[in-house]
Amino acid sequence: MIEEKITAYLKGVIKNTGLKPHFMIGSIFERKVWDAACKIPFGKTSSYGLIAAAAGSPRAGRAVGNALGKNPVIIIVPCHRVIKSDGSCGGFSAGPDLKKKLLELEDISYTT
């Protein structure tokens, strides 16, 4: 079931896997960041700073990047939707090429 939903998402058949993770790992801050990333809708982005604010630490944009780098389920928690405030991609634990492909799958424009 999980594999089918992820495959359908990657093929562009569905826009949301509908999967809601419950994290039993990670620090409290990391879990707050992952939860905030889960709330970014398909086709939309947020910035590291906005995710930091949503996680209750508005000055922790860099720490958000570190927390997203530890995201254990990169499709279910759509950390690819978090980009820099200047519109550029930013980092991605699975590499910049995959992040760009996921953004393009969702018709999200970004700068390089």
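How exposed is Phe42, going by its relative accessibility? Phe42 comes out as partly exposed, at 25% relative accessibility. Keep in mind that we're looking at a predicted model throughout.

**View 1. Tyr9 and Phe42 meet edge-to-face.** Search the whole structure for aromatic pairs and you get two. In the pair shown here, the ring centres of Tyr9 and Phe42 sit 6.3 Å apart; the planes are at 90 degrees, and since anything over 60 counts as edge-to-face, that's what we call this pair. Tyr9 comes from helix H1 (residues 2-10), while Phe42 belongs to the loop between helix H2 (28-38) and strand S1 (46-47), so the pair ties together parts that are 33 residues apart in sequence. As for burial, Tyr9 has a relative accessible area of 3%, which is under 20%, so Tyr9 is buried. Phe42, at 25%, is partly exposed.

**View 2. Phe23 and Trp34 make a tilted pair.** Here the rings of Phe23 and Trp34 are 4.8 Å from centre to centre, with 55 degrees between their planes. Phe23 sits in the loop between H1 and H2, and Trp34 is part of helix H2, so this pair links parts that are eleven residues apart in sequence. Both Phe23 and Trp34 are buried.

**View 3. Leu50 is an exposed residue in helix H3.** Helix H3 covers residues 48-54, and Leu50 is found in it. Leu50 has a relative accessible area of 56%, and because that is over 50%, Leu50 counts as exposed. Look for Val82 as well: the C-alpha atoms of Leu50 and Val82 are 9.1 Å apart, with the two residues separated by 32 residues along the chain.

How values were computed
Residues are numbered from 1 along each chain as its sequence is written. This is a predicted model: local features need pLDDT of at least 70, side-chain atom pairs count only at pLDDT 80 or more; totals for chains, interfaces and linings use all residues. Side-chain values use heavy atoms; hydrogens and water are left out. Rings of Phe, Tyr and Trp (its six-membered ring) pair if their centres lie within 6.5 Å; planes under 30 degrees apart count as stacked, over 60 as edge-to-face and the rest as tilted. Helices (H or I, at least four residues) and strands (E, at least two) are DSSP runs, numbered from the N terminus. Buried means under 20% relative accessible area, exposed over 50%, partly exposed in between (1.4 Å probe, protein chains only).
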